[in-house]
Amino acid sequence: MVNILVILGLTLIVWIVLTVIVDKKGPEKIAVVGSANSDKKALIVYDPDPIYNLDEKVSKSFAEGLSEKGWGSKVVTVAAAENFEKEFFDLYVFCANTYNWAPDKAIRDHIKNIDYLQRKNVVAITLGSGSTKRSQRLLEELIKQKEAVLIDSRVFWLMKPNTESKTKRSNSKIAVEMANNFGKEVAERIRN
Ligand SMILES: Cc1cc2nc3c(=O)[nH]c(=O)nc-3n(C[C@H](O)[C@H](O)[C@H](O)COP(=O)(O)O)c2cc1C
């Protein structure tokens, strides 16, 4: 009985330490994808994850999808996003990791603190190993509270299969490809 309690206690401590590490806001990073002179511009915000960094890969892939349709994007971390508060974008994308069934704290705090989303086109992307339902809902609610126009919300997974078709391809690579197609789809939708 004591052994079980020790194991449970240690697991809890490791989990809490991991949560504190992943919840820490990452460094400033800015990438420009596509032409800076494009008619259509997007700001894509994520907080880098210290483990696999799927959020940066998915965010950049989404931006590449947009760029194939003529868009220019800034793909920035939460820490860098405040540099773009005065700039106008046709689309805002928030890419959140899921920690303990909720979107990561950095993205949550960022969305709560900004005041320029009213009537703006917004896309929500929720990432996680596979249990993301609540996190996706919370992210959508946060965006709607800002009176933004939530044009789409998708989930991509690190572990749970992203596609029903049986394939030996890496699941995270499939997530990145799907994000690229999602970018193209959103660009088409906004154009029409
Ligand atoms: C402390 C902790 C809690 C997590 N909680 C969840 C969760 O509730 N649901 C889920 O789908 N994934 C969860 N994950 C997995 C992360 O969301 C997943 O590793 C991340 O989205 C993929 O990011 P990556 O870019 O580094 O690895 C958790 C990961 C850690 C470290």
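This is a predicted model: local features need pLDDT of at least 70, side-chain atom pairs count only at pLDDT 80 or more; totals for chains, interfaces and linings use all residues.
Mentor: Residues are numbered from 1 along each chain as its sequence is written, and side-chain values use heavy atoms, with hydrogens and water left out.

Trainee: Why is the contact of Glu 188 and Lys 69 called a salt bridge?

Mentor: A salt bridge requires a side-chain nitrogen of Lys or Arg within 4 Å of a carboxyl oxygen of Asp or Glu. The N to O distance for Glu 188 and Lys 69 is 3.1 Å, so the pair qualifies. Glu 188 belongs to helix α6 (residues 171-191) and Lys 69 to the loop between α2 (54-68) and β3 (72-77), 119 residues apart; helices (H or I, at least four residues) and strands (E, at least two) are DSSP runs, numbered from the N terminus.

Trainee: What makes Lys 69 partly exposed?

Mentor: Buried means under 20% relative accessible area, exposed over 50%, and partly exposed in between (1.4 Å probe, protein chains only). Lys 69 has 39% relative accessibility and therefore counts as partly exposed.

Trainee: How do you know that Glu 185 and Arg 154 tie together separate parts of the sequence?

Mentor: Their closest N and O atoms are 2.7 Å apart, forming a salt bridge. Glu 185 lies in helix α6 and Arg 154 in strand β7 (residues 149-157), so the pair ties together parts 31 residues apart in sequence. Salt bridges with shared partners join Asp 152, Arg 154, Glu 185 and Arg 189 into one network.
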